[in-house]
Amino acid sequence: MVGPGSSLGDLDGKVALVTGAGSGIGYAIAERFAREGAAVAINYLDRGDEAQALARDLAAAGGKATALEADVSDAVAVTSLVAKIVERFGRLDVLVNNAGIEKSQPLLEIDESSWDRTLAVNLKGPFLCLQTVARQMKESGGGSIVNISSIHEDFPFPGYTPYAAAKGGLRMLMRNAALELAPLGIRVNNIAPGAIATPINAATLADPRKVQRLQEIVPLGRMGKPEQVAEVALFLASRRSSYVTGSTYYVDGGIIRYAEPL
Ligand code: NAD
C-alpha cells in the first residue's frame, strides 16, 4: 500500500522504469519514486496482481503509474516495453535495473539451463534495458541508470555461482556504460544490497538459525528493508547525485566489511 511520508518532489516531471517491481526492492523503489513526483512504469513478469495493484494505489494517491509485463531477458519484449512507456509518458529519464533471480546449487551440480537463465535475467536483461533506454535518453539529453547488483558483485557467494558471476558482470557493465554514456549526460551507478528482507530470501527468513547468523555477521545487527535500498536509489536517480557516475553504493549494514577478530 502507498504509505504516508514527506516528499520533496525530487523526481517531479521525471519518468522512471523500474524492472521486476511487483515485489521486494523494486516495489519499494517504484513507490518511493512516485511519492517524489515521478511517473513510474512498474515492470513485472510473474507478479502481475501486485504490480497492477501498486499502479492503482499510486494513481489513487494522485501519482502517475502504469504496470507493464515484460521479460527483461527478451530483447523484443524490452523494445516494446520502452516504446510503450515513451508513448504513454513522452520520455524516459530514469531506469532501475532491479529484476533478478537466484537459485542455490553447488558448483559441480549446476546445469546449463539454470546457468543460462540466471545470466539471462541478471546480466543480459540489465544490458538490454540499459541499451534500449540509453538510446532513448540520448534523444532527450540524458538520464540516470541504477542497477541493483548485490554485495556479490564483489563478495563470493558459495552455492550461487551463476548469481555471483552475473552480479560481477553487472559491475563491469556499469563501469563501462558509465564511461561510454557520460558524454551523453547519462549517469550509471550500482546499488549493492546486502541481506534485505524480501521474497528472494524467503528460505532464509523462514529459518530462525539463518536469521540469527545474519544478525551476528551484519555489523549493524539486522537485515535491511527494501525502503532503505529505495532511499539510495532515489539519491542516485535524482539531481542530488549529479556528479556521481561509475560507482557502486553498498546498502548492506556493513556486511561487506565483516571480519572476525583473531
Ligand atoms: P524479489 O524476488 O522480490 O524481486 C525480484 C523481482 O524480479 C520479482 O518481482 C520477479 O518477479 C522479477 N523478475 C524475475 N525475473 C524477471 C524477468 N525475467 N523480467 C522481469 N521481472 C523479473 O527479490 P528482491 O530482493 O526484491 O530482488 C530485487 C533485486 O535485488 C534482484 O536483482 C536481487 O538480485 C537484488 N538483491 C537482493 C538482495 C536481498 O537480500 N533481497 C540482496 C542483493 C541483491
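**Ligand shell, cores and selected residues in a predicted model**

The side chain of threonine 19 reaches the backbone nitrogen of asparagine 98 at 2.8 Å. This is a polar contact, defined as a pair of N or O atoms within 3.5 Å; within protein, one must be able to donate a hydrogen and the other to accept it, and residues adjacent in sequence count only if both atoms are side-chain atoms. The model is predicted: local features need pLDDT of at least 70, side-chain atom pairs count only at pLDDT 80 or more, and totals for chains, interfaces and linings use all residues. Residues are numbered from 1 along each chain as its sequence is written, and side-chain values use heavy atoms, with hydrogens and water left out.

Threonine 19 sits in the loop between E1 and H1. Helices (H or I, at least four residues) and strands (E, at least two) are DSSP runs, numbered from the N terminus. The relative accessible area of threonine 19 is 1%, so the residue is buried. Buried means under 20% relative accessible area, exposed over 50%, and partly exposed in between (1.4 Å probe, protein chains only). Beyond its neighbours within four places in sequence, threonine 19 contacts Asn43, Val72, Leu95, Val96, Asn97, Asn98, Ala99 and Cys129. Contact here means heavy atoms within 4.5 Å. Phenylalanine 33 is 14 residues from threonine 19 along the chain, and their C-alpha atoms are separated by 13 Å.

Leucine 95 belongs to strand E4. Its relative accessibility is 0%, and therefore leucine 95 counts as buried. With neighbours within four places in sequence set aside, leucine 95 is in contact with Leu17, Thr19, Cys129, Leu130, Val133, Met137, Ser144, Ile145 and Val146. Serine 144 lies 49 residues away along the chain, yet the two C-alpha atoms are separated by 6.5 Å.

The largest nonpolar core has 36 residues. Such a core is a set of buried Ala, Val, Leu, Ile, Met, Phe, Trp, Tyr and Cys residues joined through side-chain atoms within 4.5 Å. Val18, Ile29, Phe33, Val40, Ile42, Val96 and Ile191 touch the most other members. At least two residues of this core come from each of strand E1 (15–18), H1, strand E2 (39–44), helix H2 (48–60), strand E3 (64–69), E4, strand E5 (143–148) and helix H8 (226–237). Apart from this core lies another, of 31 residues, including Ile85, Val121, Ala134 and Ala177. In soluble globular proteins, nonpolar side chains tend to be buried together. Valine 40 is in contact with Ala16, Val18, Ala30, Phe33, Ala34, Lys64, Ala65, Thr66 and Phe89, leaving aside its neighbours within four places in sequence.

The ligand is surrounded by 30 residues, of which Ser23, Asp46, Tyr163, Thr198 and Asn201 are the closest. A residue is near the molecule if one of its heavy atoms lies within 4 Å of it. The shell divides into 14 nonpolar, 11 polar and five charged residues. Ala, Val, Leu, Ile, Met, Phe, Trp, Tyr, Cys and Pro count as nonpolar, Asp, Glu, Lys and Arg as charged, and the others, Gly among them, as polar. A polar backbone atom of valine 72 is 3.1 Å from a nitrogen atom of the ligand. An oxygen atom of the ligand lies 3.1 Å from a backbone N or O atom of glycine 194. For isoleucine 196, a backbone N or O atom lies 2.8 Å from a ligand oxygen atom. Taken alone, the ligand exposes 820 Å², and the protein buries 95% of that. Accessible areas come from the Shrake-Rupley method with a 1.4 Å probe; for residues, only the protein chains shown count as cover. Helix H1 (24–35), helix H4 (112–140) and helix H5 (161–181) are the elements that give two or more residues to the shell.

Glutamine 105 lies in the loop between strand E4 (94–97) and H4. Its relative accessibility is 12%, so glutamine 105 counts as buried. The side chains of glutamine 105 and aspartate 111 are joined by a polar contact of 2.8 Å. Proline 106 is in the loop between E4 and H4. Proline 106 counts as partly exposed because its relative accessibility is 44%. Proline 158 is 52 residues from proline 106 in sequence and 7.5 Å away in space, C-alpha to C-alpha.
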